[in-house]
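Have the structure open alongside as you read.

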Amino acid sequence: MLTQAPKGTKDMLPSEAHLWQKIEAVMRRRAALSGYREVRTPVFEHTELFLRGVGDTTDIVQKEMYTFKDKGDRSITLKPEGTAGAVRAFVEGKLFADALPCKMYYLNNPVFRYEKPQSGRYREHHQFGMECFGGKSPSVEAELISTLLGILGELGLKGLSVSINSIGCPECRPKYHAALKEYLGGRLDQLCETCRERFDRNPLRILDCKEEGCKQLVKDAPTILDMLCDECHDHFETLKSMLTARGIPFTVNPHIVRGLDYYTKTVFEIMVTRGREGLALCGGGRYDGLVEQLGGPATPAAGFGIGTERILLEMSNQGVTMEAPELCRVYVANITAADNEKAYLLCQQLRDEGIRAESDLCARSLKAQFKYADKLSAKYIALVGGEELERGVIKLRNMNTREETEVPAENAAAAIAEIVNK
């Protein structure tokens, strides 16, 4: 049906635009305060980028990617997340040769995942993300979490919590894999089909399964926190100390692994703690091996991504509102059809003065123009025509006080601007 958007997509209508713009303005300002600069990457990438970067055992790669062959018989994928593209741009642009850390953010970044549409989750959604390359200190994660909480707090969201975990590194993770497989080995028949496939290749993914049976089964599984190497242990303890020093409450959740294979050491989520408890608004973490895996030099890195639609939904759930912008300050009404050109010119001149102005585009009667101006919540109406114009003046009416003022027609725009800007 041509007049219906594809399943899992949603229009941003003009009446909602100010919400998106406010969110994006806060994101830009807060990211800039932390030294992050904007990056924009293509909507699609070579499929191999995600197979190598995201991981071929993840749900994203196995079930959710929009992949197709282009006219050159190349496999192309609409990006299912933002980090892999940012890393590819970092490597291809040789940004590793610049002074590090390299801090970048992306905004209104389209992301595509083929999954069952549900509340706050769309097949096309838009992400804000921050990525830091070159910083190996846990202060990177602390900075990301602090900046993100600042953004969400400024937008009016409350009742949020921080959950953190460490999933180790290539040195200590194999030991945990062995312990996990030993625990699950006698319970394979109780796992879902997908998790049975993950058992040999990447048992850590089983902890991320959304099937209720698998979730119950791993509740008593050993945790990697007991098996971290000294470096990962110290990194995690320092992060906790930094968050505490900043006054950021957090909980340690050993079952957070995130749904992407590139994470190392820290993973974190921002959770909703009231109303819809258990909902993850945002997730991120450290991915020290990804740059090298995608062809760059060994570079520590960390980042996060959050969906704008998810933020909007939570703002609505919490009753957070934002004042809609002024649509029209001065409506220029033409008294007769013969006065339309003069009204049009005055309207344009008012815009040159920085005034939001409108004039008739639909050949309305004067009465209909007044009704339309009222729908626009116009603060003033400038009447062009009639005996006033013959006297060389234009009448300006304050729609709140009904007070009327006459201004010279010759320099009406400047005179009106001075009045309405007081």
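Which strands does α13 lie across, and at about what angle does it run to β12? I looked this up and found α13 across β12, β14 and β15, running at about 170 degrees to β12. A reminder to myself: this is a predicted model.

**Entry: the five-stranded sheet**

I next traced the sheet under that helix. Its five strands follow the order β13-β12-β14-β15-β16, the sheet is open, and the pairing is mixed. At the edges I found β13 (357–359) and β16 (404–408), each of which pairs on one side only. On average, neighbouring strands here are turned by 25 degrees against each other, direction ignored.

β14 (residues 380–384) and β15 (residues 393–398) are antiparallel and share four bridges. Within this pair, isoleucine 381 stands opposite arginine 397 of β15. I also noted helix α15 (residues 412–420), which packs on the sheet and touches β12, β14, β15 and β16. The direction of α15 makes about 145 degrees with that of β16.

**Entry: the eight-stranded sheet**

How many strands does the other open sheet on my list have, and in what order do they come? I noted eight, in the order β1-β5-β6-β11-β10-β9-β7-β8, with mixed pairing.

I followed β6 (residues 124–133) to β11 (residues 301–307): the two run antiparallel and seven bridges join them. Glycine 129 is opposite glycine 305 in β11. Helix α11 (residues 308–317) packs on this sheet, with contacts to β6, β9, β10 and β11. I wrote down about 55 degrees between the directions of α11 and β11. Another helix, α9 (residues 230–246), lies across β7 (160–166), β8, β9 (264–272) and β10 (280–286), and runs at about 165 degrees to β7.

**Entry: aromatic pairs**

I searched the whole structure for aromatic pairs and got nine. One of them joins phenylalanine 90 and phenylalanine 96, edge-to-face, at 6.1 Å centre to centre and with 70 degrees between the planes. Phenylalanine 90 is buried at 0% relative accessibility, whereas phenylalanine 96 is partly exposed at 29%.

Tyrosine 331 and tyrosine 372 make another edge-to-face pair, 6.1 Å between centres and 75 degrees between planes. Tyrosine 331 sits in β12 (residues 330–334) and tyrosine 372 in α13 (residues 366–375), so this pair ties together parts 41 residues apart in sequence.

**Entry: helix α4**

Is α4 (residues 83–92) mostly covered or mostly open? I found it mostly covered, with eight of its 10 residues buried. Among them are Thr83, Gly85, Val87 and Phe90. I looked for what does the covering, and it includes β2 (44–46), α2 (47–55), β5 (102–112), β6 and α10 (290–293). Just after α4, I noticed that lysine 94 takes a positive phi of about 50 degrees.

**Entry: threonine 77**

Threonine 77 lies in β4 (residues 75–78), and I found it buried at 0% relative accessible area. Its side chain makes a polar contact of 2.8 Å with the side chain of threonine 67. Leaving out residues up to four places away in sequence, I listed its contacts, including Val43, Phe44, Phe50, Met65 and Tyr66.

**Entry: cysteines**

How many disulfides does a search of the whole structure find? I got zero. Cysteine 232 is in none, and the nearest cysteine sulfur, that of cysteine 169, is 3.5 Å away. Cysteine 232 is buried, with 1% relative accessible area.

Cysteine 328 is in no disulfide either, with the nearest cysteine sulfur, that of cysteine 347, 7.7 Å away. I marked cysteine 328 as buried too, at 0% relative accessible area.

Key
Residues are numbered from 1 along each chain as its sequence is written. This is a predicted model: local features need pLDDT of at least 70, side-chain atom pairs count only at pLDDT 80 or more; totals for chains, interfaces and linings use all residues. Side-chain values use heavy atoms; hydrogens and water are left out. A disulfide is a pair of cysteine sulfur atoms within 2.5 Å. Buried means under 20% relative accessible area, exposed over 50%, partly exposed in between (1.4 Å probe, protein chains only). Two strands pair if DSSP finds at least two bridges between them. Contact means heavy atoms within 4.5 Å. Axes are lines fitted to C-alpha atoms, for helices over the stretch in contact, and angles run from 0 to 180 degrees between N-to-C directions. A polar contact is a pair of N or O atoms within 3.5 Å; within protein, one must be able to donate a hydrogen and the other to accept it, and residues adjacent in sequence count only if both atoms are side-chain atoms. Rings of Phe, Tyr and Trp (its six-membered ring) pair if their centres lie within 6.5 Å; planes under 30 degrees apart count as stacked, over 60 as edge-to-face and the rest as tilted.
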